[in-house]
Amino acid sequence: MSGTATTTFNAQNASAYEQMMGRWSRRLAPHLIRFGGLADGDRVLDVGCGTGSLTFTLPAAANVASVTGIDYAQAYVDFSRSRNTDPRIAIRQADACALPFEDNSFDRAFSMLVLQFIPDSRSAVQQMQRVVRPGGTVTAAVWDSFGGLPFTRMLSDTARILGLNAKPRPLFRGLDAPGEMAALWRELGMVDVEQTELLIRMEFASFDDYWHPFTLGEGPPGQLLGSLNEDDRELLKGHVRQSYLANRPDGPRSFAAIAWACRGTVAEEPRP
Ligand SMILES: C[S@@+](CC[C@H](N)C(=O)[O-])C[C@H]1O[C@@H](n2cnc3c(N)ncnc32)[C@H](O)[C@@H]1O
């Protein structure tokens, strides 16, 4: 992936993404749809559809007219296309900051766990607003990666304490501080704006089930582990294992995961 200013997300292998995050984002999808709203006959856009967790859940929630998924990563687009059996769903490669659609093409736009990886997230939200008709909705979710995502904080905080992060990533990323999404939605002129939090649980069968997906190269955990030499990876693994086990025998553990979600309606009057 070339990824200059358009994305910071490390996407190489869709099956690896499914193990690392897709299995969890599928759980989040129905909550986001319920919050964002959906009606029979809607034309829906899924921005940053990845391997299709939200795209494939939308038609199960209402008899939609169409779902269009776009993603920057061709590998994810190919994967989700290969799994699609619904003629109402179309998936293509595109940049959230330059959506290849006419104004007012959709009734709703959704984006799940994407905006924090787009340096110019304002432009991505503006694009969603542009392609949704007046009266339609723009809904997005980002992980509360500072306060609500222990499964990755265990990894990144331990690496930081051990001095292993060559370039520690900021704990706050775009739009994931409280109220930040709603402030942007309002600034862009959307109305009836509401921000909430959505909770799922991530259940792991064992430490290996928790750890192995991080070693597959996808997303920020993949980037972090990929930057370490073998010795440092083993050092980190040993310490994170202790956090996971928490003085009990290896086995199942359950972690809360909280996403911020924001919904707004595209105003009827001309946009600012
Ligand atoms: C954490 S994944 C979320 C994928 C999916 N929405 C889900 O919930 O499983 C982030 C996704 O955003 C996509 N992405 C990042 N920057 C993008 C951009 N500028 N335009 C389109 N997609 C982008 C990545 O390729 C990746 O698929």
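Predicted model: local features only at pLDDT ≥ 70, side-chain atom pairs only at ≥ 80, totals over all residues.
**Close-up views of the cavity and cores**

View 1. The largest cavity has a volume of about 540 Å³. Its lining is made up of 40 residues, and the closest to the cavity centre are Phe9, Tyr17, Leu113, Val114 and Phe117.

**View 2. Elements around the largest cavity.** Here we step back to see which elements supply the lining. Two or more lining residues come from each of helix 1 (14–36), strand 1 (43–47), strand 2 (66–71), helix 5 (150–161) and helix 8 (219–226). Helix 1 gives the most, with four residues.

**View 3. Residue classes in the lining of the largest cavity.** The lining has 25 nonpolar residues, together with ten polar and five charged ones.

**View 4. The largest nonpolar core.** This core holds 57 residues, and Trp143, Met202 and Tyr210 have the most contacts inside it. Helix 1 is again worth a look: it gives the most to this core, with ten residues.

**View 5. The surroundings of Trp143.** Leaving aside residues up to four places away in sequence, Trp143 touches Met21, Leu28, Leu113, Gln116, Leu149, Asp176, Ile200, Met202, Ala257, Ile258 and Ala259. One of these partners, Met202, is listed with Trp143 among the residues with the most contacts inside the largest core. Another partner, Leu113, is among the residues closest to the centre of the largest cavity.

Terms used: Residues numbered from 1 in each chain as written. Heavy atoms only, no water. 1 Å grid on protein atoms, 1.4 Å probe; cavity = no way out; pocket = protein on both sides within 12 Å on 5 of 7 lines; lining within 4 Å. Points joined across faces, edges and corners; volume = space filled by probe spheres on them. Nonpolar A, V, L, I, M, F, W, Y, C, P; charged D, E, K, R; others polar. Core = buried A, V, L, I, M, F, W, Y, C linked by side-chain atoms within 4.5 Å. Buried < 20%, exposed > 50% of the residue type's maximum accessible area, 1.4 Å probe, protein only. Contact = heavy atoms within 4.5 Å.
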